[in-house]
Amino acid sequence: MTSVSPDARRIWRGVRLPLAVVLLIVLTGTLLVLFQGEQTTGALEPGSYEPGGGRALATLLEREGVKIPVVRTAAEAKGVARDATVLITRPEYVPKSTFAEIRQSAEHIVLVQPSAGTVEEVLPGVRVSGQAETETRAPECEAADPVAAGSATMGGLKYSATQPRAQECYGGSYLEVPSPQGTVTVLGTPAPLTNEWLADEGNAALAMRVLGKHERLVWYLPTPADPSLETEKKPLSELIPAGWSYAALQAGVAVVLLALWRSRRLGPVVTEPIPVVVRAAEATEGRARLYRKAKAAAHAGETLREAARARLRPLLGLTRDAEPAALVESVAARTGRAPAEIGALLYGEPPADDAALVRLADGLDVVEREVERS
């Protein structure tokens, strides 16, 4: 009888083509990774191919002859900013003093989406006036670069300025602030500079005109780990907006009021009949049995002494916090006994066994009766 099951040769013929395709794909991917080298990632990174990266824009600018030194520390930025355009991708990490030095030497500074606190600190007279959806917007201003670029993908934060020569474009998400030190451009969103949006609308034209004005573009990527900023770090209390502090105070007051409202209020004492009446003698006997079972003669003796001292103080006119020496002297004077004998009885060594405990109890009882009769 002939077997119809596939042998090894037939199996190999069936899988060799798919296996060769898989190996080719793996080999191609490996070679691409090896020859492409290390990839940079991150928002507005000039070497990043990610949607939020800036590789496409950097390539266009370099083709137009713009040199792009990439810097990540304040010291590097200040060293190469002279007569250049400086793009600051994270303005919140740049202290006011560093920004002032860069502004003195740079021809043009571009800030990407600075926060309200940052823009008020580095650009007096400029403030955040609101937020807007990132979408296609018309320039609606007279600034040369936005007018030449036309509609662009703008939005995010909106800015306004008190300077008469300042230009607010794209609904306030683009702001030009001219000054003797050089123009400062504020962008409310990084969208027109990114790989994802650069090819849409007039984004490329706007980015090229804003960042390609000079021979060099300093691409400054600030980081909080910059060692040159250690002396300029602010305490946490200065970084918290004033509105948050006021809100925290209001929340604290609300919590206190809620606690007072929901807290339990003590009402009158509620009497309750005792289900079982336990005679005092039985309770005392039961406690004594527990002491005996635990062989706690010393603890029982201290309990007897403390009770005797508590009863003797009022009889002798002493307060509850009277010193032991005062109690001993008073008892000795009332009974005629030696102070040493009274001290040993009231504050002596703890009894070692039941017999010593009984002797102690008898002695205390005798002394109490003598004080009462005296």
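The legends below describe an overview and close-up views of a predicted model.

Residues are numbered from 1 along each chain as its sequence is written. In this predicted model, local features need pLDDT of at least 70 and side-chain atom pairs count only at pLDDT 80 or more, while totals for chains, interfaces and linings use all residues, and side-chain values use heavy atoms, with hydrogens and water left out.

**Figure 1. Overview of the protein chain, with 14 helices and nine strands.** Helices (H or I, at least four residues) and strands (E, at least two) are DSSP runs, numbered from the N terminus. Of the 374 residues, 33% are buried (under 20% relative accessible area; exposed is over 50%, partly exposed in between; 1.4 Å probe, protein chains only). The accessible surface is about 23,600 Å², 58% of it from carbon and sulfur atoms (Shrake-Rupley method, 1.4 Å probe; for residues, only the protein chains shown count as cover).

**Figure 2. Packing of helices α11 and α14.** Helix α11 covers residues 297–316 and helix α14 residues 354–373; their axes are 10 Å apart at an angle of about 5° (lines fitted to C-alpha atoms over the stretch in contact; angles run from 0 to 180 degrees between N-to-C directions). The two helices α11 and α14 are therefore roughly parallel (under 35 degrees). Residues in contact (heavy atoms within 4.5 Å) include L304, R305 and A308 of α11 and L357, L360 and A361 of α14.

**Figure 3. L257 in helix α9 (residues 242–262).** L257 counts as exposed because its relative accessibility is 53%.

Technical notes:
Angles under 35 degrees count as roughly parallel, over 145 as roughly antiparallel, 65 to 115 as roughly perpendicular and the rest as oblique.
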